[in-house]
Amino acid sequence: MNPKYAPKTGDGRRARVIEEIGEVLKAFGKWDRFGSGSRHPNGGMTNAEEALFELEDLKGAIDVYLPDVRAIVHRDAAMAASNDNAKKS
Ligand SMILES: [Mg+2]
């Protein structure tokens, strides 16, 4: 990905994961409809090459977004524990 377009917020990183999931689904849809070795009539990558490219894109987007999700899980668990302690006291 061009660093110029790298998302700078958690929402942006999640949006990129969603976008890449869509591109993977499209690539596998073309693969299943037309075959792994088929390509667009105008040329370009084969469907299998496109799927590989988009899977690698998705993996990169997930790797970038995972720390955000981990932080949110930890934050929510801490808030839940704090709320439980408040109810007990
Ligand atoms: Mg992509």
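## Ground rules

What you have here is a predicted model, where local features need pLDDT of at least 70 and side-chain atom pairs count only at pLDDT 80 or more, while totals for chains, interfaces and linings use all residues. Residue numbers start from 1 along each chain, following the sequence as written.

## Overall shape

The fold inventory is quick to read: two helices and zero strands. Both kinds of element are DSSP runs, with helices being H or I over at least four residues and strands being E over at least two, numbered from the N terminus.

Along the principal axes, the C-alpha trace spans about 70 × 30 × 15 Å.

Buried residues account for 10% of the 89 residues. Here, "buried" takes 20 or more other C-beta atoms within 10 Å of a residue's own, "exposed" takes 12 or fewer, and "partly exposed" is in between, with C-beta atoms placed from the backbone. Of the contacts with a separation of 6 or more, 48% join residues 24 or more positions apart. A contact needs the two C-beta atoms, again placed from the backbone, to lie within 7 Å.

## Helix α1

Helix α1 covers residues 10-34, so to speak a run of 25 residues, and reaches 36 Å from its first C-alpha to its last, close to the 36 Å expected at 1.5 Å a residue. The expected span of a helix is 1.5 Å times one less than its number of residues. After α1 comes G35, with a positive phi near 105°.

R16, E20 and A27 are the buried residues to look at in α1, and the buried residues of this helix pack against α2. Two other α1 positions are worth a click. V24 lies in this helix and counts as partly exposed because it has 19 C-beta neighbours inside 10 Å. Setting aside neighbours within four places in sequence, V24 is in contact with E54, L55 and L58. V24 and N2 are 22 residues apart in sequence, and their C-alpha atoms are 19 Å apart in space.

F28 is also in α1, and its 16 C-beta neighbours inside 10 Å are why it counts as partly exposed. Its C-alpha is separated by 6.2 Å from that of A51, 23 residues away along the chain.

## Helix α2

Helix α2 runs over 47-88. It has 42 residues and reaches 58 Å from first C-alpha to last, close to the 62 Å expected at 1.5 Å a residue. There is a bend of about 35° at Y65, and a proline, P67, follows within four residues. The bend is the angle between axes fitted to the seven residues ending at a position and the seven starting there.

The buried residues in α2 are N47, E50, A51, E54, A61 and Y65. What covers the buried residues of α2 includes α1.

E50 counts as buried because it has 21 C-beta neighbours inside 10 Å. Ignoring neighbours within four places in sequence, E50 is in contact with A27, K30 and M45.

Y65, the site of the bend, counts as buried because it has 20 C-beta neighbours inside 10 Å. Not counting residues up to four places away in sequence, Y65 touches R13, R14 and V17. Y65 and M1 are 64 residues apart in sequence, with 14 Å between their C-alpha atoms.
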